Amino acid sequence: MPHEPRIRAWFARRRVAPDEVDELMQEAYCRIATLDTVDHIDCGHAYFFSIARNLLLRKLKRQQVVPFEAISEIESFRDTQTPSPEEQVSNRLAYERVMALIAALPERCRRIVELRKIEGWSQKEIAAHMGMSEKAVEKQVWVGVRAIREGWSASEKSTGIAVPVGGRKVGIL
């Protein structure tokens with residue numbers, strides 16, 4: 001239900017009558033409710049949207065006269081919040097590169113960067129956990145992030161590959 005307003009807005013942009021939207025939404029909910037299991041669903045909003053879109057497409061195809069543009073527009077629509085397979089692979093490769101750069105840091109610096117940037121601990125929590133001052137933690141985070149950025153830049157220069165994410169180069173931490 002949290003994705004219903006987005007799907008209703010999408011139907012409205014397609015000039016679907018409000019009573020038909022209600023009918024399509026109810027049918028989409030019924031389809032999901034009849035599933036034996038939802039374990040195969042990785043992305044709930046994309047799955048729900050696909051059901052709603054396919055129901056509308058079937059409805060349009062059953063009508064006597066349907067504008068060709070309506071069907072082609074629906075079939076070519078791509079939910080922009082769901083990354084393409086290429087973007088998923090690109091993101092995974094970027095993640096693996098960053099994790100390799102973090103792993104190459106000196107032990108104490110690596111642990112502090114992991115706690116701060118990956119696990120989301122505050123500097124104060126890290127300082128108390130590791131028995132050091134907050135300034136020392138701040139310095140180690142700064143050193144670690146700088147080393148990761150330099151390692152990223154060096155690997156881009158040596159391979160000539162910049163991993164794009166969302167149409168721009170990946171920012172590091």
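Mentor: Start with glutamate 150 and arginine 146. Both sit in helix H8 (residues 134–159), four residues apart, about one turn of the helix. One thing to keep in mind: this is a predicted model.

Trainee: OK. What do the side chains of glutamate 150 and arginine 146 meet in?
Mentor: They meet in a salt bridge, 3.5 Å from N to O.

Trainee: And is glutamate 150 buried, partly exposed or exposed?
Mentor: Glutamate 150 is partly exposed, because its relative accessibility is 48%. Arginine 146 is also partly exposed, at 39%.

Trainee: How many salt bridges does the count come to?
Mentor: Seven. Another one joins the side chains of arginine 92 and glutamate 96, at 3.5 Å, N to O.

Trainee: Why are arginine 92 and glutamate 96 separated by about one helical turn?
Mentor: Because they are four residues apart in helix H5 (residues 85–103). Arginine 92 has 48% relative accessibility, so it counts as partly exposed. Glutamate 96 has 41%, so it is partly exposed too.

Trainee: Switching topic. Where does glutamate 114 lie?
Mentor: In helix H6, which covers residues 107–118. Arginine 110 is in that helix as well, four residues from glutamate 114, about one turn.

Trainee: What does glutamate 114 form with arginine 110?
Mentor: A salt bridge, with the closest N and O atoms 2.8 Å apart. The two side chains also make a polar contact, at 2.8 Å.

Trainee: Is glutamate 114 buried or exposed?
Mentor: Buried. Its relative accessibility is 17%, and the cut-off for buried is under 20%, so it qualifies. Arginine 110 is buried too.

Trainee: What else does glutamate 114 touch?
Mentor: Ile102 and Glu119, leaving out residues up to four places away in sequence.

Trainee: Which residues are linked with Glu114 in a network of salt bridges?
Mentor: Glu107, Arg110, Arg111 and Glu119.

Trainee: Now confidence. What pLDDT does the chain average?
Mentor: The average is 76, and 75% of the residues score at least 70.

Trainee: Where in the chain is confidence lowest, and where highest?
Mentor: Lowest is strand S2 (residues 168–169), with a mean of 44. Highest is helix H7 (residues 123–130), at 92. Over residues 163–173 the pLDDT is below 50. That stretch has 25 contacts in the model, beyond near neighbours in sequence.

Trainee: How should the predicted coordinates be read where pLDDT is low?
Mentor: Not in detail.

Note on methods:
Residues numbered from 1 in each chain as written. Predicted model: local features only at pLDDT ≥ 70, side-chain atom pairs only at ≥ 80, totals over all residues. Heavy atoms only, no water. Helix = DSSP H or I, 4+ residues; strand = E, 2+ residues; numbered from the N terminus. Buried < 20%, exposed > 50% of the residue type's maximum accessible area, 1.4 Å probe, protein only. Polar contact = N/O pair within 3.5 Å; in protein donor to acceptor, adjacent residues only side chain to side chain. Contact = heavy atoms within 4.5 Å. pLDDT = per-residue confidence, 0-100. Salt bridge = Lys/Arg side-chain N within 4 Å of Asp/Glu carboxyl O.
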